[in-house]
Amino acid sequence: MDQIQHKYVNIRGVKLHIAEIGTGSSVVVFIHGFPEIWYSWRHQMIAVANGGYHAIAPDLRGYGLSEHHPDLEKASFDDFVEDTIAILDYFQIEKAFLVGKDFGSWPVYLLSLLHPTRISGIVSLGVPFFPPRPLRYKDLPEGFYIHRWKEPGRAEADFSRFDVKTVWGNIYILFSRNEIPIAEKDKEIMDLVDPSTPLPSWLSSEDLAIYANAYEKSGFDSPMRAPYKGQRKEFTISNPKVQAPVLLIMGGQDYFLKFPGIEDYLTSGKVRECMSDLEIKTLPEGTHFVQEQFPDQVNQLIIDFLEKQVRSSSLK
């Protein structure tokens with residue numbers, strides 16, 4: 001990892017930590033999810049740089065070594081979109097490929113709708129584009145982890161019983177499973193993990209230490225604000241369609257496939273109504289963290305997609 005360079009850049013009033021590697025003219029920007037930071041893209045950054053691309057991965061505002069939003073109550077996905085545009089402007093990048101995972105895919109899709117000329121193509125890990133629906137999860141029980149984390153003070157009280165490394169590890173273990181984390185009424189989300197449960201085999205003790213140190217700095221409240229705790233802004237784009245070419249990489253064991261309507265949305269073909277230029281690749285044993293679990297396979301899928309798009313653009 002020593003070849004990855006690090007810098008701090010003032011972006012829209014917040015100092016962001018940015019990791020980068022490679023000097024190619026084609027740029028790939030990686031947007032992480034939760035409970036992650038830039039480091040979750042380490043394997044992919046090195047692979048695309050070796051493939052001749054310039055890889056950039058920020059810690060999103062509020063995460064890792066980046067500063068928090070100055071007004072947490074107003075934090076939203078829009079910040080991630082505008083921060084990404086500002087990062088492109090800082091590096092004087094006219095157009096880039098964007099790679100998103102988990103909730104990080106949403107600002108990538110949103111950016112493609114709002115700033116289509118800045119996008120060369122999209123890779124999304126685990127999340128297709130779908131128009132927001134405020135009551136999408138209304139049929140899931142009270143113990144559903146997102147319901148719990150939206151409840152003021154609930155996550156804080158739950159997490160405060162453990163050190164940061166344990167909390168982070170428990171969330172990673174839960175999200176690595178193929179079932180939606182749902183707690184019983186008299187239990188908390190952290191109680192879903194037995195203390196003797198080991199971390200997934202692909203995550204080393206060194207990896208755990210790097211993630212835990214990052215969340216020691218940021219805490220959990222700031223990273224969870226936009227995806228879980230904040231008020232969602234009204235989505236005002238009518239009949240949204242992602243025009244950029246998209247590679248969607250799914251893990252066959254990702255718990256997100258158990259969310260209401262997701263599997264049908266993917267298998268019925270409805271997803272193509274919103275994403276006309278879409279390629280779907282599934283790694284049958286892949287989990288929510290497929291890019292860390294099977295880095296070589298994911299790297300090859302991404303590079304094949306990038307090369308296909310570069311060849312296509314050169315013919316136009």
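Where does Arg12 lie? Arg12 sits in the loop between strand S1 (5–11) and strand S2 (14–21). Helices (H or I, at least four residues) and strands (E, at least two) are DSSP runs, numbered from the N terminus.

This is a predicted model, in which local features need pLDDT of at least 70 and side-chain atom pairs count only at pLDDT 80 or more, while totals for chains, interfaces and linings use all residues. Residues are numbered from 1 along each chain as its sequence is written, and side-chain values use heavy atoms, with hydrogens and water left out.

**Backbone**

Most residues other than glycine have a negative phi, and most peptide bonds are trans.

| Residue | Phi | Relative accessibility |
|---|---|---|
| Arg12 | about 50° | 42%, partly exposed |
| Asp102 | near 55° | 10%, buried |

Buried means under 20% relative accessible area, exposed over 50%, and partly exposed in between (1.4 Å probe, protein chains only). Asp102 is in the loop between strand S5 (96–101) and helix H3 (105–114). Phe34 and Pro35 are joined by a cis peptide bond, with omega about 5°. Pro35 belongs to the loop between S3 and H1.

**Aromatic pairs**

Rings of Phe, Tyr and Trp (its six-membered ring) pair if their centres lie within 6.5 Å; planes under 30 degrees apart count as stacked, over 60 as edge-to-face and the rest as tilted. The count comes to 33 aromatic pairs. In one of them, the ring centres of Phe30 and Trp41 are 5.2 Å apart and the planes are at 40°, so the pair is tilted. Phe30 is in strand S3 (residues 27–31), and Trp41 is in the loop between S3 and H1, 11 residues apart. Phe30 and Trp41 are both buried.

Tyr145 and Tyr255 have ring centres 6.0 Å apart and planes at 70°, so this pair is edge-to-face. Tyr145 lies in helix H4 (residues 145–150), and Tyr255 in the loop between strand S7 (246–251) and helix H9 (262–267), so the pair ties together parts 110 residues apart in sequence. Tyr145 is buried at 3% relative accessible area, and Tyr255 is buried at 1%.

**Two helices**

Which residues of H1 meet H11? They are His43, Gln44, Ala47 and Val48. Their partners in H11 are Pro295, Val298, Asn299, Ile302, Ile303 and Leu306. Contact means heavy atoms within 4.5 Å. The residues of this contact divide into 7 nonpolar, 3 polar and no charged. Ala, Val, Leu, Ile, Met, Phe, Trp, Tyr, Cys and Pro count as nonpolar, Asp, Glu, Lys and Arg as charged, and the others, Gly among them, as polar.
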